Each structure stands twice: as structure tokens, then as C-alpha cells.
Amino acid sequence: MPVRQTSAYALRTYALSEADQIVLFYTLDFGRLRSVAKGSRRIKSRFGSAFQTLTRSSLSFFEREGQELTRVSACEVEQSYYDVLLTPEAAATAAYFAELVQEFTAERDSNPAIFRLIGAVMEGVSEGVSLEVGARYFEVWMLRLSGVLPRLSECGGCGRQLSAERWVVPEPLEFICRQCRGGHSGSRWLSPGGTALLSEILRKPPMEVMHGTGQNRQAVQRLAAVNRLLIRGQLDKELRTVRYLDRLRHAGRRRSLRGPHRVEIPHGTSGETQ
Ligand SMILES: [Zn+2]
């Protein structure tokens with residue numbers, strides 16, 4: 001059995017037996033990979049925290065000819081984001097990134113750019129990029145690297161140059177102009193601010209986006225709704241972690257409304273609503 005070695009992010013684990021689990025990795029050299037980690041469910045496992053979501057490790061694994069499932073031989077932590085992921089929302093966002101990688105990639109299909117994306121966003125978040133801006137960055141690049149981000153410059157309906165605002169429509173996933181949107185139901189508006197954020201994400205690292213258009217909260221929210229439609233349209237389902245994040249935010253809002261220091265949010269100050 002040959003032993004292979006690569007850098008790997010843990011995406012998630014599945015219990016296999018009382019002591020063992022299957023770990024889903026995204027690796028630099030082999031893409032997405034499933035590997036059995038013997039004894040890893042025991043309290044004193046030799047793998048320590050290497051399988052926590054989006055921990056990066058140096059992974060060695062055995063491979064058997066003709067078998068998809070490999071076996072972990074060693075896994076040494078290279079970079080842990082443990083202290084960044086302590087809040088429920090941060091942990092759920094990391095699980096969301098992991099699920100996006102799982103859903104948008106195929107087993108054993110290596111794409112080093114996706115590997116680098118995980119590192120760039122997690123580094124950014126650990127240096128102060130907000131979870132919302134980090135999530136928009138991850139979504140846009142996941143769509144782009146999977147080849148499913150619609151064309152940005154021309155309308156998918158009439159082919160004319162798109163202005164600062166546009167609408168996204170499902171089936172087929174396209175950005176369309178104001179004139180073309182009439183015949184489409186279920187479209188989502190991307191404001192000029194949201195469009196600027198999208199194009200900045202494609203040109204700059206996460207921290208620069210955070211200090212640039214990432215400051216525009218309305219734009220971040222607009223792009224969130226558009227990305228959600230693009231991702232759902234592409235995968236044909238809502239992700240498990242997205243539903244969980246929705247519930248977390250809903251519970252957070254209920255808590256803050258009940259609190260003694262309720263803050264009224266001013267309306268209609270940004271001109272981004274439509
Ligand atoms: Zn058009």
C-alpha cells in the first residue's frame with residue numbers, strides 16, 4: 001500500500017464505529033478525499049484536534065488500488081483556527097464553507113485554487129474580516145472557480161452591456177438588465193453597491209474588500225441574497241448549514257428584541273432598498 005502525503009483541510013467527519021470515523025478532507029494534491037481514521041473517536045486519540053472543521057494539517061494516508069476510501073496514517077496540525085471559531089456563528093460559518101467545498105467539488109479532482117481560497121478566507125477572518133464579508137468572498141470565488149458564476153459584463157437576455165445594477169435569474173443562472181427582467185419571476189436585484197462589492201471580491205484579497213466595499217452593509221446583504229439564489233440554483237437544494245445559520249440568526253434576533261436595551265434601526269438612510 002503506497003503512502004501519500006499532502007496538505008489537507010478537514011471538512012467534516014462521519015462516525016464509522018465506536019472508535020473510528022471517516023474524515024472528509026480537501027487536499028492540495030488530490031482534491032476531495034475520504035479517509036478512515038482508526039481510533040479517532042476515542043477521547044485520547046493520537047490525532048488530537050486535526051479533524052476540527054477547516055483545521056489544516058499535513059496528512060499522510062494509505063491508498064489501496066481500486067478503493068476510494070483511504071486510511072489516515074498520520075495527521076499533524078499545521079494551522080488551527082480554533083480560537084476564531086469559538087462563537088456558534090463562526091463555527092457554523094466554517095461548517096458552511098466546508099459544505100460549499102463538499103458540494104461544489106468532486107472526489108479526487110484537485111484544484112489548488114480552491115485549497116488556497118479556504119486559506120485566504122480563514123486567514124482573513126482570523127485577522128479581522130467579518131464573517132459576513134468572509135462568507136460573500138467565499139461564495140463568489142467558489143462559484144467562479146467552479147465555472148458557474150454568470151457573465152458579469154453582458155446581459156444574459158439581450159447581450160447588451162450591463163450597468164451598475166443587475167438582476168440575477170434562475171434557469172439558466174444569468175445576470176440580466178432592467179429591460180429583460182420583466183419576463184422573469186423569482187429574480188433578485190443586485191444593487192450598484194452589491195455589484196461593486198462583487199467586482200471588488202474578484203480583484204482584491206479579503207482584507208482589502210473588508211476595508212473597501214465590505215463596509216457597505218446593504219451591499220453585503222444584497223450580495224448575500226444573490227449568492228444564495230446562485231448557489232441554490234446550481235446545487236438544486238438549500239444547504240444544511242444555511243438552514244442552520246438562518247435558525248441561529250433568527251434566535252439571535254429574538255434574543256436582542258427581548259433585551260432591555262432595544263436599539264431602533266433607522267430606516268431609509270442608504271438608498272439601497274428597492
Ligand atoms: Zn437585457
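Mentor: Let us begin with two terms: donors are N, O and S atoms within 2.8 Å of the metal (3.2 Å for Na, K and Ca), and because water is not among the atoms, sites may look incomplete. Four donors count as tetrahedral if all angles lie between 85 and 135 degrees. This is a predicted model, in which local features need pLDDT of at least 70 and side-chain atom pairs count only at pLDDT 80 or more, while totals for chains use all residues. Residues are numbered from 1 along each chain as its sequence is written, and side-chain values use heavy atoms, without hydrogens and water.

Trainee: Which arrangement do the 4 donor atoms around the zinc ion form?

Mentor: The protein donors are the SG atoms of Cys 155, Cys 158, Cys 177 and Cys 180, which lie 2.3 to 2.4 Å from the zinc ion. Because the angles that these 4 donor atoms subtend are 106 to 115°, the arrangement is tetrahedral.

Trainee: How are the donor residues of the zinc ion spaced in sequence?

Mentor: Cys 158 and Cys 180 link distant parts of the chain, being 22 residues apart. For the donor residues together, the spacing in sequence is C-x2-C-x18-C-x2-C.

Trainee: Is Cys 158 buried, partly exposed or exposed?

Mentor: Buried means under 20% relative accessible area and exposed over 50%, with partly exposed in between (1.4 Å probe, protein chains only). Since Cys 158 has 33% relative accessibility, this residue counts as partly exposed.

Trainee: What share of the 274 residues of the chain counts as buried?

Mentor: The C-alpha trace spans about 60 × 50 × 30 Å along its principal axes. Of the 274 residues in this chain, the share that counts as buried is 43%.

Definitions and conventions. Four donors count as tetrahedral if all angles lie between 85 and 135 degrees; four count as square planar and six as octahedral if opposite donors are over 155 degrees apart and all others between 65 and 115; anything else is irregular. Helices (H or I, at least four residues) and strands (E, at least two) are DSSP runs, numbered from the N terminus.
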